[in-house]
Amino acid sequence: MLLQPLLRRSKSMKCILFAQLSLLSPPNFNSPNQIPKPYHLPHFSSGFWSSNSRINPRGYCSRSYTGVKSMASAKIVSDPESISYLNQREAAEIDEILMGPLGFSVDQLMELAGLSVATSIAEVYKPAEHNRVLAICGPGNNGGDGLVAARHLHHFGYKPFICYPKRTDKALYRGLVTQVESLSIPFLSVEDLPADLSTSFDIVVDAIFGFSFHGNPRPPFDDLIQRLVALDNPSQKNEKSPVVVSVDIPSGWHVEEGDLSGNNGIKPDMLVSLTAPKLCAKRFSGSHHFLGGRFVPPSIAEKFKLELPAYPGTSMCVRIGKPPRVDISALRENYISPEFSEDQVEADPFAQFQKWFDDAMAADLKEPNAMALSTTGKDGKPSSRMVLLKGFDRDGFVWYTNYESQKARQISENPQAALLFHWDALNRQVRVEGSVQKVPDEESEQYFHSRPRGSQIGAIVSKQSTVVPGRRYLYQQQEELEALYSDGSSIPKPKHWGGYRLKPELFEFWQGQPSRLHDRLCYSPESSDGKTVWKIVRLSP
């Protein structure tokens with residue numbers, strides 16, 4: 001069960017989907033049983049998942065979020081005044097250039113826009129808490145963006161519904177309708193909608209009108225807009241009102257001057273600006289403003305002197321402005337995980353660890369071999385730090401470090417330590433406690449020379465935990481050693497560098513469950529007929 005290979009790879013984050021959503025027929029809102037509610041995913045009857053385990057489409061497991069989560073992938077631009085805002089003429093001209101000389105088609109831009117909207121929603125509103133989404137789509141391009149967003153939200157694990165009362169009879173829009181119908185996403189007529197949207201939906205996407213709209217809304221959109229306005233003043237009977245997400249501009253707003261209705265228009269919680277924010281976005285007072293689209297080429301940015309934030313990595317959205325302040329005490333997660341019971345676990349804790357580690361690898365988590373190492377010296381003061389697991393077998397868990405570091409000094413005084421693995425996306429932790437000793441020097445030597453040459457030089461440069469005059473000092477030391485070994489000769493392992501092995505005396509496997517009733521299964525060794533066996537007990541959460 002040696003950890004193979006030693007982990008050294010690029011750290012790309014990926015979504016692993018394990019199940020498609022169950023398909024529902026269009027609901028009848030006259031029947032209480034047909035009003036959309038959070039729904040259950042199909043049950044699996046064999047394999048890793050138990051027969052009563054619910055599979056979540058976002059990965060191995062999910063969590064229900066209360067409060068506002070910090071953005072995991074969306075870059076934050078803290079000063080909204082530092083970016084450019086477009087007037088109506090500029091916005092229209094940019095669209096003409098994109099779809100003219102630059103060769104973009106309407107459906108390309110619509111796909112990117114709708115994906116940006118869906119991604120922005122997923123950044124803030126997790127499907128465990130905000131599952132039921134109503135996309136209200138107008139007859140123009142904004143409506144097309146809404147149709148695309150609904151399709152992507154379906155694949156992200158949400159349950160979308162679409163209200164599309166004035167369908168555009170063009171091939172592009174007919175194709176978008178066919179795409180969402182193929183996913184069995186229900187279409188609702190205006191008459192099918194409940195009078196109070198807050199009773200049936202968690203998110204309402206306002207994709208009715210875009211920046212080119214003029215005049216007063218006509219039926220049925222005037223009524224639909226008023227229903228969205230009413231969500232800002234929910235009934236006292238309802239503890240929670242759906243959040244409103246507006247695409248590009250809030251429907252009914254003037255593209256430059258904002259809400260001209262005397263502050264009686266839509267007040268969205270989230271605004272997803274496309275291409276670049278429009279002037280009316282300066283009057284947006286909701287909690288979450290994102291920029292999406294990611295299709296502005298340098299030539300347009302230069303022509304219109306656009307100052308736009310860079311999209312980080314592969315993200316399709318970027319936050320504008322600071323996220324809202326959060327009451328830390330209100331941050332909670334309601335874990336939803338497969339059942340983890342005594343009759344499912346391996347009798348051998350090493351085999352159980354291998355099983356969970358394999359799951360973490362399959363989920364492509366960032367550094368699944370990262371572990372917190374806690375040590376104490378003779379003074380009894382504990383200290384913790386993150387290190388990387390570099391191998392494990394029945395003899396124990398191995399990591400490498402500087403033998404003159406603080407952790408090494410504490411281990412020399414008290415050769416007992418604790419490890420903690422935290423696999424957040426799987427709702428899992430593993431604690432391991434035991435005695436610590438150095439690995440044989442030949443083992444450290446072998447691993448040292450398997451490392452990249454830069455890491456070998458870094459191990460020599462770093463007198464870990466000692467005070468240095470500055471980063472430039474480290475660079476100078478590095479440059480001198482790189483010059484010394486520039487001929488490709490072998491770099492000797494420093495005597496003060498090597499590995500430790502923790503021999504486990506206790507394992508605890510933790511898995512998050514709803515209402516804080518987490519699973520905690522603890523393994524401890526016992527002697528039976530001269531052999532060591534592992535006793536498994538369940539600990540109270």
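Biologist: Is the crossing of helix α2 past helix α3 left-handed or right-handed?

Modeller: A crossing is called left-handed if the near helix is turned anticlockwise from the far one by less than a right angle, and right-handed if it is turned clockwise. Here α2 passes α3 in a right-handed crossing. This is a predicted model, in which local features need pLDDT of at least 70 and side-chain atom pairs count only at pLDDT 80 or more, while totals for chains, interfaces and linings use all residues. Residues are numbered from 1 along each chain as its sequence is written, and side-chain values use heavy atoms, with hydrogens and water left out.

Biologist: At roughly what angle do the axes of α2 and α3 cross?

Modeller: Axes are lines fitted to C-alpha atoms, for helices over the stretch in contact, with angles from 0 to 180 degrees between N-to-C directions. The axes of α2 (residues 106–124) and α3 (residues 141–155) cross at roughly 55° and come within 7 Å. The pair is therefore oblique, the class left after roughly parallel (under 35 degrees), roughly antiparallel (over 145) and roughly perpendicular (65 to 115). Helices (H or I, at least four residues) and strands (E, at least two) are DSSP runs, numbered from the N terminus.

Biologist: Which residues of α2 and α3 meet?

Modeller: Contact means heavy atoms within 4.5 Å. On the α2 side, Val106, Met110, Leu115 and Ile121 are among the residues that take part; on the α3 side, they include Asn141, Val148, Arg151 and Leu153.

Biologist: Where does Gly103 lie, and is it buried or exposed?

Modeller: Buried means under 20% relative accessible area, exposed over 50%, and partly exposed in between, with a 1.4 Å probe and protein chains only. Gly103 sits in the loop between α1 and α2 and is exposed at 57%. Leaving aside residues up to four places away in sequence, Gly103 touches Leu98 and Gln108.

Biologist: How many salt bridges does the rule give?

Modeller: A salt bridge requires a side-chain nitrogen of Lys or Arg within 4 Å of a carboxyl oxygen of Asp or Glu. The count is 17. One of these joins Glu93 to Arg89, with their closest N and O atoms 3.2 Å apart. The two are separated by about one helical turn because they stand four residues apart in helix α1 (residues 88–98). Glu93 is partly exposed at 26%, whereas Arg89 is exposed at 53%.

Biologist: Which parts of the chain does the pair of Arg538 and Glu342 tie together?

Modeller: Arg538 and Glu342 form a salt bridge of 2.9 Å, N to O. Arg538 belongs to strand β19 (residues 531–538) and Glu342 to the loop between β10 (332–336) and α7 (349–362), so the pair ties together parts 196 residues apart in sequence. Arg538 is partly exposed at 37%, and Glu342 is partly exposed at 36%.

Biologist: What does the side chain of Arg501 meet in a salt bridge?

Modeller: Its partner is Glu443, at 2.8 Å from N to O. This pair links Arg501 in strand β17 with Glu443 in helix α9 (residues 441–448), 58 residues apart. Strand β17 spans residues 497–511. Arg501 is buried at 12%, while Glu443 is partly exposed at 26%. The residues that Arg501 touches include Asp393, Phe397, Val436 and Pro440.

Biologist: Which residues are linked in a network of salt bridges?

Modeller: The network links Arg431, Glu433, Glu508 and Arg520.
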